[in-house]
Amino acid sequence: MQLQLSSWPEIDAYLKTSKAILIPIGSTEQHGPTGLLGTDSLCPELIAQRAGDEAGFLVAPTFNVGQSQHHMAFAGTITLRPSTMIAAMTDWADSLRRHGFERIYWLNGHGGNLATINTAITAIYHSLTFAGIDANASGLRCMVRNWWDLQGEGDLCRELFPVGEGSHATPSEISITRYMYPDVVKRADLHPRIAPTGPIFDAGDFRRRYPDGRIGSDPSQADADAGEKLVDAAVRAVIADFRQFAAG
């Protein structure tokens, strides 16, 4: 069940049976020469929508621009200020709480978002406290989960790609987008085959260290069959995780 494809009476009816909602959250940023700019939003979006359809829980529109300043030396990347992202997440949560939602599960697709997401969750609770609202009495709870940290997903990534998984523009995430969008597969000669690894600082330094945008990865291994396996496993795991959170 997707919020944007529902009418307000349907949301009213849903709230009579559940106070929980899942929000996919990611980014719009470069993913090397073969990865889609929307990868970090598309992966949690597909997993969330499949899980919501199968388990009957509500999925919000995807929060698809995040913290990507270190990718800004690559064309097409869009980023938010941390303060903007925190404010937007707080506004989303306040809107949902106003309608009666008490459990907000953020399914994240971009590691660079985590610090800001966690700060935003703190800000959400802060806004309740200083509005004179007892968060325990209101029942509002937030949590964040990276899709690759779902039960069994890391093991499956390592099994499918024991060498060259890396940490950015990975074969696992690009496999998921190839499974989702087989008509927009991108190909390129990768040199070196496995990208270098190292630290992340600002955008210019990132481009100098990782000229084609990859970190430690060999996305030439990506394929749709692997993507389907990763999505199937993630859907099962997020259903279990979300149900436990919603009931807590």
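**Helix contacts in a predicted model**

**View 1. Helix 6 against helix 9.** The axes of helix 6 (residues 153-160) and helix 9 cross at roughly 165 degrees and come within 10 Å. This model is predicted. Angles over 145 degrees count as roughly antiparallel, so helix 6 and helix 9 are roughly antiparallel to each other. The crossing is right-handed. Helix 6 contributes Glu 153, Leu 156, Cys 157 and Leu 160 to the contact. Helix 9 contributes Ala 226, Lys 229, Leu 230, Ala 233 and Ala 234. Of the residues in this contact, 7 are nonpolar and 2 are charged. No polar residue takes part.

**View 2. The N-terminal end and span of helix 9.** Asp 223 caps the N-terminal end of helix 9. One of the side-chain oxygens of Asp 223 lies 2.9 Å from the backbone nitrogen of Asp 225. Helix 9 covers residues 224-247, 24 residues in total. At 1.5 Å a residue, helix 9 should span 34 Å. The end C-alpha atoms of helix 9 are 34 Å apart, which agrees.

**View 3. Helix 2 against helix 7.** Helix 2 (residues 39-55) and helix 7 (residues 171-180) have axes that come within 9 Å. These axes cross at roughly 60 degrees. The crossing of helix 2 and helix 7 is left-handed. From helix 2, the contact residues are Thr 39, Asp 40, Leu 42, Cys 43, Leu 46 and Arg 50. They meet Glu 173, Ile 176, Thr 177, Tyr 179 and Met 180 of helix 7. The contact of helix 2 with helix 7 has 6 nonpolar, 2 polar and 3 charged residues.

Definitions and conventions
Residues numbered from 1 in each chain as written. Predicted model: local features only at pLDDT ≥ 70, side-chain atom pairs only at ≥ 80, totals over all residues. Heavy atoms only, no water. Helix = DSSP H or I, 4+ residues; strand = E, 2+ residues; numbered from the N terminus. Expected span 1.5 Å × (residues − 1). Polar contact = N/O pair within 3.5 Å; in protein donor to acceptor, adjacent residues only side chain to side chain. Axes fitted to C-alpha atoms, helices over the stretch in contact; angles between N-to-C directions. Parallel < 35°, antiparallel > 145°, perpendicular 65-115°, else oblique. Left-handed = near helix turned anticlockwise from the far one by under 90°. Contact = heavy atoms within 4.5 Å. Nonpolar A, V, L, I, M, F, W, Y, C, P; charged D, E, K, R; others polar.
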